[in-house]
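Me: I have a structure open and have not looked at it before. Can you walk me through it?

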Amino acid sequence: MDYRIFRAINQFAGRYRLLDMMVIIFSQKVRYLFLFILIFMWFRDNSHKKITLYAIISAGVSMVLNKIIKLFYFKPRPFLNLGIHLLSPFPSKKNSSFPSKHTALAFAVATSVMFYKRFLGSMMYLSAILTGLSRVWMGQHYPLDILGSSLLGSITSIVVKMTGWLWNPIIDPIIQAYHDYCSRMKNHQGKSSN
C-alpha cells in the first residue's frame, strides 16, 4: 500500500516543470521560512520568545531522535527502485528513507507554534504537510516515512510542552540574558553618543 500511494504521487514528478520547481522550492526552502518566522517572533515580547525557544528545543530534540533512529534502522530510499521519478537535489543512497529530517523538523516547529498561536501554527502546519508531500513527489521518501516523521516531530513538541517545567529553567535565563545584553548595549550606545 505504501508503494502504491508513493507511485500515485510520484508519477507526476518530471511531467510539469513549473510544478516540479515549486515542489523543489517548497521542499528545500520552507525551513528558511520557519526560521524567519521564529526570528520575527523572538523580537516581539517575552511570550513570543518563549514560543521560539520551545520550537527550537522541539526541533533539536527531534533532530537527536532522528539521528538515533537512523543509527539503528535503515530503510532504502524509494529512488533506489527502478522507474522512480527523482527530482534534484539527489540525496545520498546511504541515507535512510525513515525518518525524514525535513518533515520531522517542520512538524516539530509547526506544532510548537500551534500550541500558542493557532492561526500562525495552522499555516505552518499546512506548510509542514506540503513539505512532507513534496518529499514523496520528489522520490525521496515513502508516504509512511512522512507519516512517521510527522508523528515524530509532533509528538516531540507535545512532550516538550508537557515537560515545560524541565525546560523553563533553561528558557527563562536565556530570555533574561538577552534582555541584559540589550540593556548593556543601550547603555553603551548612550555613553558613546555623549
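What follows is a short chat about the chain, its helices and a few residues.

Me: What kind of model is this, and what mean pLDDT does the chain have?

Reply: It is a predicted model. The mean pLDDT of the chain is 90, and 96% of its residues reach 70 or more.

Me: Where is confidence lowest, and where is it highest?

Reply: Helix α7, residues 164-193, is lowest with a mean of 87. The highest is α6, at 97.

Me: How many helices and strands are there?

Reply: The chain has 7 helices and 0 strands. From the N terminus on, the order is therefore α-α-α-α-α-α-α.

Me: What does the C-alpha trace span, and how much of the chain is buried?

Reply: Along its principal axes, the trace spans about 70 × 35 × 30 Å. Of the 194 residues, 41% are buried. As for contacts between residues at least 6 apart in sequence, 77% join residues at least 24 apart.

Me: Let's take α5. How many residues does it have, and how far does it reach?

Reply: Helix α5 covers residues 118-137, which is 20 residues. From first C-alpha to last it reaches 28 Å, close to the 28 Å expected at 1.5 Å a residue.

Me: Which of its residues are buried, and what covers them?

Reply: The buried ones are G121, M124, S127, A128, T131, G132, S134, R135, V136 and W137. The cover over them includes α1, α2, α4 and α6.

Me: What comes after α5?

Reply: G139 follows it, with a positive phi near 85°. H141 is in the loop between α5 and α6.

Me: Why is H141 called buried?

Reply: Because its relative accessible area is 1%, and buried means under 20%.

Me: What does H141 touch?

Reply: Leaving aside neighbours within four places in sequence, its contacts are F6, R77, P78, S96, S97, P99, S100, R135, V136 and I146. With R77 there is a polar contact of 3.3 Å between the side chains.

Me: P99 is on that list. Where is P99, and what kind of peptide bond joins it to F98?

Reply: P99 is in the loop between α3 and α4. The bond from F98 to P99 is cis, with omega about -10°.

Me: New topic. How do α4 and α6 pack?

Reply: At an angle of about 35°, with their axes 7 Å apart. The crossing of α4 past α6 is right-handed. On the α4 side the contact uses T103, A104, F107, A108, T111 and S112. On the α6 side it uses I146, S149, S150, L152, G153, S154 and S157.

Me: Last one, α3. What span should it have, and what does it have?

Reply: At 1.5 Å a residue, its 27 residues should span 39 Å, and the end C-alpha atoms are 39 Å apart, so the two agree. Its buried residues include H48, K49, I51 and N66.

Terms used
Residues are numbered from 1 along each chain as its sequence is written. This is a predicted model: local features need pLDDT of at least 70, side-chain atom pairs count only at pLDDT 80 or more; totals for chains, interfaces and linings use all residues. Side-chain values use heavy atoms; hydrogens and water are left out. Helices (H or I, at least four residues) and strands (E, at least two) are DSSP runs, numbered from the N terminus. The expected span of a helix is 1.5 Å times one less than its number of residues. Buried means under 20% relative accessible area, exposed over 50%, partly exposed in between (1.4 Å probe, protein chains only). Contact means heavy atoms within 4.5 Å. pLDDT is the predictor's confidence in each residue, from 0 to 100. A polar contact is a pair of N or O atoms within 3.5 Å; within protein, one must be able to donate a hydrogen and the other to accept it, and residues adjacent in sequence count only if both atoms are side-chain atoms. Axes are lines fitted to C-alpha atoms, for helices over the stretch in contact, and angles run from 0 to 180 degrees between N-to-C directions. A crossing is left-handed if the near helix is turned anticlockwise from the far one by less than a right angle, and right-handed if clockwise.
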